[in-house]
Each structure stands twice: as structure tokens, then as C-alpha cells.
Amino acid sequence: MTYKSSTRVAARLCALALLAQTSACSAELPPDVPMVPDARKFVVSHTDAGCDDTDNAHVIKDDRMIVVAQSGRFATVIYDLHCEYSATRTRVFLQWRTYQGYRLMQFAKPVYELRWADDLRSELAEKPRATGYEVATRLPNGKINPNSLEITSYDLWGPDQDSGENGSWRYQENTGQYALTSFEVDPYSEQGLEPKKAAALRGKRFVLFPIEKCVSEPAEK
């Protein structure tokens, strides 16, 4: 289905109103569009999602819906929903389209191995590189931009949470799916290393997608 630019802009303005928890646009949506509580019930019952049903108000209050496109009786909506609460907050993203219903969004992530040259894990035997890809539905600290619909995720490791990985995915409006746009890993934990070595490794990242290279600038966390 193709939507005119004016319709898409109007839908995005409607999405902003929904994010602000106003009712300005709710009357304009087709009556069969599920609201956030309905989408949440679907995710909890969806075994592939693996989400819990904890009624945790301070977490699920962040659940929201974003109108991607709307034209008459037709609409496309993305739901940004809490999935698990642990050391890392995990979120899932659900899409609903008229006549198609729900689709649990899937995200490609590189598969890689970290091979260390020493027991302190202060030096890699070789640069990490993607050896394949896996599909994820739960994203650690997942976040969606309501304007561009880009989704980002970061997962921090270790006692000091000073290493980890992060990725981003772009929404493809024609297919209604997400495509991986970037993925990088910061493998070094500075805990237990002597200060000079720790300072040299701090923020050192390896880009696994789209190309393999080392970036020396500090990673955003």
C-alpha cells in the first residue's frame, strides 16, 4: 500500500499527539486499531516474544503507540512495549496493519566471537568480525525515534557496565520490516587493569556492521 506524503506527515503529527497522551487523534484512527493495552496482551501471550506479564506500573507506563501511516480505514501502527525487567530493560516492538493484524518485529544481529590473547582480557588475539547473523525480538534498552522510526539498542556488560554492544535498525516502509544499519562492540572492561592500559582501551569499539573497522572515539553509553 502506498501513502501520499501529506498523509504520512499528518500521521506523524498524530503520533506526536498520541505520545503526549492526548485524545486529539484517537477519534481519527480507524475503530479497529488496537490500543496499547490490547497490544500488550498480545505480546505477553506471544510465546516467541518471551515477555513477562508483570503488572509493573513504573515500567509499563512507558508503553506507547506510534502511527506510521493512515489513510481512511487503513492504518499502520508500531507499539513500543516493555518486555522484561532485569539488570537490562528489554523492549519489543509490535506492528499492526489493517487486514494484516499484528507482527512481532524482528532484528538482525551479527554473530561474533571474542578471542583473547591474555587472561586479563586486556588484548584481543584478533579483531572481532561477524561470522553470521541471528534474529532477535527482544532488544536491551531498545528505543524508537517517533519521527524517523529508527530503533536503537545497547547492552552493557561487566560489573562496571563499561563494555558492551549497540546497534541501530531502519524501518522499511514498503515491507514493514527493519533493516540493520549499524552494529558495534566495545569488548574491553577496564576493571582490574592498570590505569594506563585501562585509559588506552576506554571507549575502543569495533564496527561489525556495515564494515569492520576500529573506532577510537569514546562510545556513547
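Aspartate 80 stands opposite phenylalanine 93 in strand 3. The model is predicted, with an average pLDDT of 81 for the protein and 76% of the residues scoring at least 70. Residues 1-27 have a pLDDT below 50, and this stretch makes 37 contacts in the model beyond near neighbours in sequence. Where pLDDT is low, the predicted coordinates should not be read in detail.

**Strand pairing**

- Strand 2 and strand 3 (residues 90-97) are antiparallel and are joined by 8 bridges.
- Strand 2 also runs antiparallel to strand 1 (residues 64-71), with 7 bridges between the two.
- On that side, aspartate 80 of strand 2 has arginine 64 opposite.
- Strands 1 and 2 make a hairpin with 2 residues between them. In the turn, glycine 72 has a positive phi of about 60 degrees.
- Strand 2 (residues 74-84) is largely enclosed by the rest of the structure, because 9 of its 11 residues are buried.

**Aromatic pairs**

- The whole structure holds 10 aromatic pairs.
- In one of them, the ring centres of phenylalanine 74 and tyrosine 99 are 5.6 Å apart and the planes are at 75 degrees; an angle over 60 counts as edge-to-face, so this pair is edge-to-face.
- Phenylalanine 74 belongs to strand 2 and tyrosine 99 to the loop between strand 3 and strand 4 (101-104), so the pair ties together parts that are 25 residues apart in sequence.
- Phenylalanine 74 is partly exposed, at 25% relative accessibility, while tyrosine 99 is exposed, with a relative accessible area of 63%.
- Phe93, Phe107, Trp169, Tyr171 and Tyr178 are linked into a cluster by ring pairs.

Technical notes:
Residues are numbered from 1 along each chain as its sequence is written. This is a predicted model: local features need pLDDT of at least 70, side-chain atom pairs count only at pLDDT 80 or more; totals for chains, interfaces and linings use all residues. Side-chain values use heavy atoms; hydrogens and water are left out. pLDDT is the predictor's confidence in each residue, from 0 to 100. Contact means heavy atoms within 4.5 Å. Buried means under 20% relative accessible area, exposed over 50%, partly exposed in between (1.4 Å probe, protein chains only). Helices (H or I, at least four residues) and strands (E, at least two) are DSSP runs, numbered from the N terminus. Two strands pair if DSSP finds at least two bridges between them. Rings of Phe, Tyr and Trp (its six-membered ring) pair if their centres lie within 6.5 Å; planes under 30 degrees apart count as stacked, over 60 as edge-to-face and the rest as tilted.
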